[in-house]
Amino acid sequence: MPYKARSSVLAAAALSVLALSACGGGSDSASDSGMNLVSEGKLTVCSDIPYPPFEYEENGEYVGFDMDLVKEIASGMGLEASIQDVGFDGLQGGTVLAAGQCDLGASAMTITEERQKNLTFSDPYYDSLQSILVPEGSDITGIEDLAGKKVGVQQGTTGEAYARDNAADAEIISYPSDAELFPALQAGNVDAVLQDLPVNLGHTQEGAFTIAAKFETDESYGFAMAKNASEELVSGVNEQLAVLRDNGKYQEIYDKYFTE
């Protein structure tokens, strides 16, 4: 039970911290006063789409684990969620948020010291693993087998950083998003893809592909806000995360997208 167990521990730990600062929550937090929102009455959310199961489009609507969470968070704050599709590089680098294009970044973004120089993160909401995806029958069974191979990664991600740090003898090829990354593996342009485990797991259902290896990297995702985001916005997001865990909605959404 790798995901649910780790997620539950994270949720419990985060809840105990959040409970100290939470002073309410739920639908009675209806005012956007002091949050300096891009659009009054709306929580404007930027995300790099598609990146299933966290964010993707289905029947003309943005859905996924992140999308469902931010919609609940917005609702709990008395706001309407408005989703925008943006490039990951500008989002994780902080430029999109600094420019005032959106209030919140929700894009399976790992909290790192480097990103915290330009962003303010919410409390963690998901604990992730890295992984290697290969075609069935591949001779790659671990990261040491990537030497001399072409390895696809998404640019600007912790998966790219992990590949460059731990597979120095591989040819690392960066792609803008998973929308280009997985097709590169399907076409044989790369021998393997190194990225977040849940995303790679989803691809095992789309053809003859398998997970060759998994890596625990102590990565936790957070929702990103501008470095100078108001305290009211940050505390409001964190408060709603705590409410969702407390009322069982977080687990309901988690179970919808992640199975054993």
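Me: What should I know about the model before we start?
Reply: Residues are numbered from 1 along each chain as its sequence is written, and side-chain values use heavy atoms, without hydrogens and water. The model is predicted, so local features need pLDDT of at least 70 and side-chain atom pairs count only at pLDDT 80 or more, while totals for chains, interfaces and linings use all residues.

Me: How many residues are in the largest nonpolar core?
Reply: That core has 37 residues. A nonpolar core is a set of buried Ala, Val, Leu, Ile, Met, Phe, Trp, Tyr and Cys residues joined through side-chain atoms within 4.5 Å; buried means under 20% relative accessible area, exposed over 50%, and partly exposed in between (1.4 Å probe, protein chains only).

Me: And which helix gives the most to this core?
Reply: Helix 2 does, with six residues. Helices (H or I, at least four residues) and strands (E, at least two) are DSSP runs, numbered from the N terminus.

Me: Which residues does Phe65 contact?
Reply: Setting aside neighbours within four places in sequence, Phe65 is in contact (heavy atoms within 4.5 Å) with residues including Pro53, Phe54, Tyr125 and Ile253.

Me: Changing topic, which residues of helix 7 are buried?
Reply: In helix 7 (residues 178-186), they are Asp178, Leu181, Phe182, Ala184 and Leu185. They lie on the same side of helix 7 because they cover an arc of only 150 degrees around the axis, taken from the directions from the helix axis to the C-beta atoms.

Me: What comes just after helix 7?
Reply: Gly188, which takes a positive phi of about 80 degrees.
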